[in-house]
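Notebook open. I want to look up the fold, the helix packing and the ligand shell, one entry at a time.

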Amino acid sequence: MLKRVGVIALASGMLLAAGCGPKAPTPTVNESMTHVMSPQAQTIWDITSHAFNERGDGLVASKISPDQWTQLGNAGRQMRDRALVLAKARRITVAAPEETIMGQDASHPGVKHTWDAASPKQVQALIDANPALFAQRARILAEAGDTVLKASRTKDVRPLYKVSSGLDDVCDGCHQKFWGTDEPPPFPQ
Ligand code: HEC
């Protein structure tokens with residue numbers, strides 16, 4: 001019985017991959033962030049932060065084990081693939097009804113000012129107002145993931161360092177536009 005289920009799952013997976021059969025719904029932004037971007041970025045940051053050179057301005061290849069390269073490759077691939085799903089989606093959904101986005105309890109209805117916490121509805125409105133920019137930001141993240149994947153194949157620490165040290169900005173580049181901002185409020189006059 002279990003075997004049969006496995007075969008059916010495999011077959012429908014192949015159908016989906018081939019672009020026919022019932023289409024899986026596009027994952028929400030929230031699911032993508034909590035289940036893919038956050039943990040995969042953490043893997044990249046964890047491994048690279050233990051591989052710094054003495055000056056702290058680059059990585060040492062011998063400090064990354066073969067197993068860690070494999071983890072890095074997987075992390076890069078998952079980030080790339082999910083970012084591309086978001087970049088290509090016809091319509092982005094921030095959160096399913098049962099999902100809670102970080103900070104939404106502190107949000108208030110109406111126009112969101114720069115330093116206000118955002119509700120899913122407010123984030124949704126920001127994305128719907130500029131889906132092309134959202135897709136562009138997602139593509140930048142996909143490229144970062146792809147670079148990590150390629151670096152893992154050649155075990156090349158230079159591109160890996162470039163991505164890991166700049167990844168925060170890639171995340172924030174989208175968060176600032178669509179979720180809020182990471183800048184402190186302006187100094188009161
Ligand atoms: C293309 C846009 C985009 C990019 C790029 C992006 N994010 Fe997000 N992220 C969002 C949006 C929109 C939200 C707010 C909705 C939400 O919280 O789910 C968010 C929220 C989050 C949250 C909060 C999730 C929660 O519990 O509500 C985390 C964690 C997160 N992002 C991690 C990351 C990391 C790490 C990266 C970079 C590796 C990244 N994101 C890159 C769009 C993006």
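Which residues does Leu149 touch, not counting residues up to four places away in sequence? I find Gly73, Gly76, Arg77 and Arg80. Here I take contact to mean that two C-beta atoms, placed from the backbone, lie within 7 Å.

**Ground rules.** I am working on a predicted model, where local features need pLDDT of at least 70, side-chain atom pairs count only at pLDDT 80 or more, and totals for chains, interfaces and linings use all residues. Residues are numbered from 1 along each chain as its sequence is written.

**Leu149, continued.** I place Leu149 in helix α5. Helices are DSSP runs of H or I with at least four residues, strands are runs of E with at least two, and numbering starts at the N terminus. Leu149 has 19 other C-beta atoms within 10 Å, so it is partly exposed. My scale uses C-beta atoms placed from the backbone: buried is 20 or more others within 10 Å, exposed is 12 or fewer, and partly exposed is in between. I also checked Gln71, which is 78 residues from Leu149 along the chain; their C-alpha atoms are separated by 9.6 Å.

**Whole chain.** I count six helices and zero strands. The pattern along the sequence reads α-α-α-α-α-α. Of the 189 residues, 25% count as buried. I then took contacts between residues at least 6 apart in sequence: 69% of them join residues at least 24 apart.

**α3.** I tested its length: at 1.5 Å a residue, its 23 residues should span 33 Å, and the end C-alpha atoms are 33 Å apart, so the two agree. The expected span is 1.5 Å times one less than the number of residues. Its buried residues are Leu72, Ala75, Gly76, Met79, Arg80, Arg82, Ala83 and Leu86. They pack against α2, α5 and α6.

**α4.** I list Pro120, Gln122, Val123 and Ile127 as buried. Down the helix axis they fall within an arc of 165°, so they line one face of α4. The arc is that of the directions from the helix axis to the C-beta atoms. An α-helix has 3.6 residues a turn, so residues three or four places apart point the same way. The buried residues of α4 pack against α5 and α6. On the face turned away I find the exposed Asp128 and Ala129.

**Core.** Which members of the largest nonpolar core touch the most other members? They are Ile44, Val123, Leu141, Val148 and Leu160, out of 35 residues. A nonpolar core is a set of buried Ala, Val, Leu, Ile, Met, Phe, Trp, Tyr and Cys residues joined through C-beta atoms within 7 Å. I followed Ile44: leaving aside neighbours within four places, it contacts Leu72, Ala75, Val148, Ser164 and Leu167.

**Loop check.** Lys155 sits in the loop between α5 and α6. Its phi is positive, about 50°, although it is not a glycine. I note 13 other C-beta atoms within 10 Å, so Lys155 is partly exposed.

**Ligand shell.** Of the 24 residues around the ligand, Asn30, Ile101, Met102, Cys171 and Cys174 come nearest. A shell residue has its C-beta atom, placed from the backbone, within 6 Å of the molecule. α2 gives the largest share, seven residues.
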